[in-house]
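Welcome, and take a moment to look the model over. This report walks through it step by step, from one side chain to whole chains and back to a few local details.

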Amino acid sequence: MHLTITHTTRYSYETPVHYALQKIRLIPRDTPQQRINDWKVQITGGNREVIYHDQHGNVTELMQIDPGASEVSITASGRVETRDTAGILGKVYGSIPLWLYLQHSKLTKPGDGIREIAATLEAAQDKLTGLHDMSARIAEAVKYGSGQTYAGTTAEEALKGGKGVCQDHAQIFISAARAAGIPARYVSGYLMMKDRVEQSATHAWAEAHLDTLGWIGFDVSNAQSPDEHYVNVATGRDYLDAAPISGLRQGSGDESMIVSLQVQQ
Amino acid sequence: MVGENKFFDEMSGHNGTVRDAYAAYHDWFAEQDAERLAKKSQDAETFFRRTGITFNVYGQSEAQERLIPFDLVPRILAQREWTKLAKGIEQRVAAINAFLHDIYNRQEILRAGRVPKHLIVGNEAFLPQMLGFSPPGQVYTHIVGTDIVRTGEGDFFVLEDNARTPSGVSYMLENRETMLQMFPELFSKIKVQPVSDYPKNLRRSLAACAPSSAGSKPTIAVLTPGIYNSAYFEHSFLADQMGAELVEGHDLRVVDGHIAMRTTQGYKRIDVIYRRIDDDFLDPLTFNPESMLGVPGIMDVYRAGNITIANAPGAGIADDKAIYSYMPDIVEFYTGEKAILKNVETWRCGEPGALQYVLDNLKDLVVKEVHGSGGYGMLVGPAASKKELATFAEKLKAKPGNYIAQPTLSLSTVPIFTESELAPRHVDLRPFVLVSPQGINIVPGGLTRVALAKGSLVVNSSQGGGTKDTWVLED
Amino acid sequence: MLGKTAGGLYWMFRYLERTENIARLIEAGFRIALTRSTDAESEWKSVVTTSGVSAGYAAKYDNYTATNVVDYLLRDTSNPSSVTSVTGAARDNARLVRTALTTEVWEAVNETWMTLTELLANPVRETELPSVLNTIRQQSALVRGALHGTMLRNDIYDFSRIGTFIERADNTARIIDVKYYTLLPNTSFVGSSLDNVQWETVLRSVSAHRSFRWLGESEMTASGIADFLILDRRLPRSLSFCISQIVSNLDYLAEDYGERHACNDMAEKIQSRLKNRDIESIFDEGLHEFITAFIRDINSLGQQIESDFRFGG
């Protein structure tokens with residue numbers, strides 16, 4: 001499937017910026033599931049300082065917002081050729097040893113709720129089935145909906161709250177898989193929802209690793225494995241590692257953000 | 001000084017006969033007037049105070065700046081003793097760098113099972129952000145301070161490998177300076193290898209590790225947490241001696257893909273940062289977001305290859321106390337040679353059998369926490385009360401993996417000058433090692449720390465230790 | 001040079017200058033209190049006002065006795081401008097810019113801090129006051145001597161000097177401001193003994209009571225003293241002298257860096273208001289207004305220098 005993507009994030013600042021940096025992970029790479037054509041990231045109101053591969057292999061850019069700017073926009077756009085592999089990325093490995101994907105981060109530290117889910121997975125005879133069952137169970141336990149959680153909500157908190165977005169679903173999944181001894185990681189990217197061009201937001205899902213198959217994707221929020229409607233942009237141990245944009249700003253004043261995302265065939 | 005010494009005394013051995021290295025000094029000392037020496041000792045203190053060679057102590061409202069007591073009797077090593085020691089240190093430091101490169105890249109040593117994975121997994125000193133990255137020149141530990149103890153004529157042991165930001169080199173330099181001022185005649189009588197090249201060598205060594213994009217004269221800066229840091233004197237001293245800028249986090253920002261410092265004429269690019277702040281505080285954008293001391297974005301610039309950070313973030317995994325016990329294996333794995341320097345015998349309390357042994361012999365052992373430094377989280381068995389032993393035993397049983405145990409060593413002694421005479425006190429030695437692609441350079445001698453209280457084995461300056469000038473004699 | 005270092009030098013020398021100025025003010029106040037018992041309280045009050053710490057003082061004390069004022073100005077750590085506070089701040093700045101200082105300057109500042117900390121550890125008795133004040137001035141001279149004798153004449157020196165003269169200009173202007181009414185030519189007290197004492201206090205506050213006489217102005221008059229303090233470029237504490245030093249040090253910086261800043265023009269503008277001026281025209285303009293404007297301008301200049309040379313963020 002050929003997907004054409006335009007993803008714009010626009011920040012407005014109440015008071016002009018004195019000094020601010022943003023870390024951008026918006027450049028997808030070729031994988032067995034996707035081939036990237038003509039991808040570019042355009043910045044207005046800011047300056048690209050460096051570009052490099054982070055420890056997860058994500059192409060990362062550091063941007064400085066122009067001093068005195070009160071608006072900055074970042075547009076990632078291009079075409080991606082995707083392929084349905086039944087959610088299996090396979091035995092593709094980078095610099096991170098698998099055992100590191102068993103390590104909990106602050107956001108994925110399990111509590112009682114997650115440990116209970118993990119126990120079921122641990123008991124499952126067939127791990128692949130167990131992972132699918134777990135995905136369904138998480139979707140049931142945590143209804144999709146915004147407003148209840150934020151970027152810093154931990155997996156356990158989201159589970160207790162019973163409501164969350166794709167980020168929470170993915171992190172609960174990762175946390176439980178790790179607790180059950182299965183390496184797991186966070187993926188941020190794009191999903192083309194059927195019958196619409198304007199997508200409400202970027203997407204996130206999880207990948208788990210089984211020795212037999214390698215990495216396998218699980219989109220808890222949509223109760224499916226990523227297919228040719230998905231574009232993998234960045235991976236990490238949790239949201240913080242893979243966040244499309246994260247920043248730091250000196251000075252006061254509020255900021256607001258508007259995202260517009262078109263994914264079409 | 002005749003008699004039986006329980007501990008090996010570096011001046012008079014075990015039997016009270018003056019050892020060769022000390023012969024000339026001993027003769028000189030015998031001719032000295034004790035009162036004059038006492039006066040000199042006073043002068044030295046005044047000198048240190050006036051020059052501001054102090055360290056800050058936290059949580060003490062009075063006398064927030066303290067002097068590290070200086071003893072005027074030098075610690076003397078013969079050239080041949082030093083040569084052997086230096087060779088061992090060089091081998092060990094080379095292995096540490098190879099280990100760090102491996103652990104942050106292919107992890108062959110883990111695959112080979114020579115170091116157990118669980119020591120790395122979940123270890124806070126291990127930084128995933130360093131994975132799949134090679135710092136400029138492939139150097140991780142630009143500056144190392146290897147703590148060495150001695151128990152006998154030829155018995156040197158490594159106690160700790162300080163691979164993060166070893167401090168104390170300014171005291172080494174100032175101690176020599178003080179000795180030269182106080183006893184110039186001694187140095188014309190006895191040929192001592194100079195240490196004064198250290199700042200120049202440090203500069204050269206750091207410059208050699210600059211990113212390839214830096215010019216022929218890279219700009220070097222020392223990054224300090226600020227004037228209230230306990231080691232601020234050393235930071236400013238080294239910057240001064242190297243001719244480098246002394247910067248704080250808020251002097252720096254990212255400019256045109258590099259780290260740059262705010263000068264009176266605008267921002268100026270820096271190529272090498274000798275940082276004296278901990279990993280966690282280095283970059284709020286990558287590590288602790290609360291950090292006010294660091295430089296946002298420095299890790300991004302680092303991974304892009306545009307700055308050298310000395311020592312490399314994550315280097316601390318190499319001096320972790322849990323890794324320490326594997327150093328002989330590490331040396332062998334990367335150099336293909338047996339380790340020249342010995343480790344102190346170490347029980348890893350997390351291993352079967354070890355815990356029981358440690359609990360049974362607690363009163364004779366030193367137990368250290370695996371994550372921690374400065375001697376705070378440790379138990380010195382022979383000095384502990386019954387109650388302290390019992391409390392510590394419980395802590396051990398609760399989390400055995402957090403502790404290692406070592407025998408209490410019979411540290412060598414070197415005399416100190418008390419008000420009127422010489423009296424033996426326990427010492428250790430911290431040589432300072434510089435690493436660059438051009439090689440490993442060790443300053444002859446290093447910092448000798450001395451436990452000033454009679455019988456004490458604790459040499460830390462934060463707990464009543466002092467320092468001595470350290471001499472390596474010329475042949 | 002780091003912007004922070006320039007700022008550290010500037011403030012270090014402002015603070016050092018301040019210790020000396022405070023010592024002089026106390027000395028003058030002490031003197032007048034000794035010679036005139038009736039109006040001592042108002043003299044001490046004007047010492048506090050001149051030091052710019054009225055609010056802090058009033059919050060702590062409700063009278064102006066020698067003991068309280070001297071203690072507040074010399075030792076009180078809750079007073080950010082006390083000699084104890086300011087000496088500590090000067091030394092902190094010296095530590096900050098340690099790499100820019102010669103050993104001699106650093107040691108002089110460090111010794112000053114050690115000496116004064118010890119000297120002011122306990123309340124100063126009246127009998128000790130003259131010698132304590134003397135020590136403070138001597139220490140200040142020690143640092144200045146080390147600066148002149150050992151420092152390269154480069155930007156480091158320029159920022160040190162600029163800090164010194166901004167502080168000094170501000171101090172002299174405050175002294176005139178507080179006592180301006182005694183310097184007006186037409187007051188009804190002209191020639192009275194009150195004037196003589198007041199004038200002498202003013203002169204003493206800037207260590208100019210002897211030099212005024214040397215310069216042959218045997219007859220003290222209000223306008224003579226005002227002229228001396230404001231316009232006489234021979235007096236190292238006159239406004240005119242201070243601003244000309246600032247202008248020339250800023251010029252050196254502009255030359256050194258190959259770039260002129262807003263502060264250069266600003267300083268020259270302040271200077272132009274003092275150049276080729278006689279005291280009569282200042283009286284015509286209004287001495288009080290003139291001094292108020294000067295204090296405001298010199299403070300703006302300080303801020304402009306901080307921003308032009310990037311002392312802060």
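Which residues does Tyr198(B) touch, not counting residues up to four places away in sequence? Tyr198(B) touches Ile143(B), Val169(B), Met172(B), Leu173(B), Leu238(B), Phe432(B), Leu434(B) and Val443(B), where contact means heavy atoms within 4.5 Å.

Before going further, a word on how to read the values. This is a predicted model, in which local features need pLDDT of at least 70 and side-chain atom pairs count only at pLDDT 80 or more, while totals for chains, interfaces and linings use all residues. Residues are numbered from 1 along each chain as its sequence is written, chains are lettered from A and ligands numbered from 1 in the order in which they are written, and side-chain values use heavy atoms, with hydrogens and water left out.

**The nonpolar cores**

Tyr198(B) is also one of the residues that touch the most other members of the largest nonpolar core, a set of 164 residues. Tyr25(B), Trp471(B), Leu74(C), Ile230(C), Leu250(C) and Leu301(C) are named alongside Tyr198(B) for this. Helix H1 of chain C, residues 3-35, gives the most to this core, with twelve residues. Another core lies apart from it and has 63 residues, among them Trp99(A), Leu223(B), Ile307(B) and Leu2(C). A nonpolar core here is a set of buried Ala, Val, Leu, Ile, Met, Phe, Trp, Tyr and Cys residues joined through side-chain atoms within 4.5 Å. Buried means under 20% relative accessible area, exposed over 50%, and partly exposed in between, with a 1.4 Å probe and protein chains only.

Chain A has five helices and 16 strands, and chain B has 14 helices and 23 strands. Helices (H or I, at least four residues) and strands (E, at least two) are DSSP runs, numbered from the N terminus. The table sets out some further values for these two chains.

| Chain | Residues | Buried residues |
|---|---|---|
| Chain A | 265 residues | 57% |
| Chain B | 475 residues | 59% |

How does the radius of gyration of chain A fit a compact globule? With 265 residues, such a globule would have a radius near 18 Å, and chain A agrees, because its own value is 18 Å. Along the principal axes, the C-alpha trace of chain A spans about 60 × 40 × 40 Å, and the C-alpha atoms of chain B fill a box of roughly 65 × 60 × 50 Å.

Among contacts with a separation of 6 or more, residues 24 or more positions apart account for 75% in chain A and 67% in chain B. The accessible surface is about 11,100 Å² for chain A, with 49% belonging to carbon and sulfur atoms. For chain B the surface comes to about 18,800 Å², of which 49% belongs to carbon and sulfur atoms. These areas come from the Shrake-Rupley method with a 1.4 Å probe, and for residues only the protein chains shown count as cover.

**Backbone details in chain B**

Most residues other than glycine have a negative phi, and most peptide bonds are trans. Where does chain B have a cis bond? The peptide bond from Ala310(B) to Asn311(B) is cis, with omega near -10°. Asn311(B) lies in the loop between strand S12 (308-310) and helix H11 (321-324).

Gln107(B) has a positive phi, near 60°, and sits in the loop between helix H3 (79-103) and helix H4 (108-111). Gln107(B) counts as buried because its relative accessibility is 5%. Asp256(B) has a positive phi as well, near 50°, in the loop between strand S8 (252-255) and strand S9 (258-263). Asp256(B) is exposed, since its relative accessible area is 60%.

**A loop in chain C**

Is Thr77(C) buried or exposed? Thr77(C) counts as exposed, at 61% relative accessibility, and its place is the loop between helix H4 (66-74) and helix H5 (83-96) of chain C. Thr77(C) touches Ser82(C), Thr84(C) and Ser85(C), not counting residues up to four places away in sequence.

Definitions and conventions
The radius of gyration is taken over C-alpha atoms; the globule rule is 2.2 Å times the number of residues to the power 0.38.
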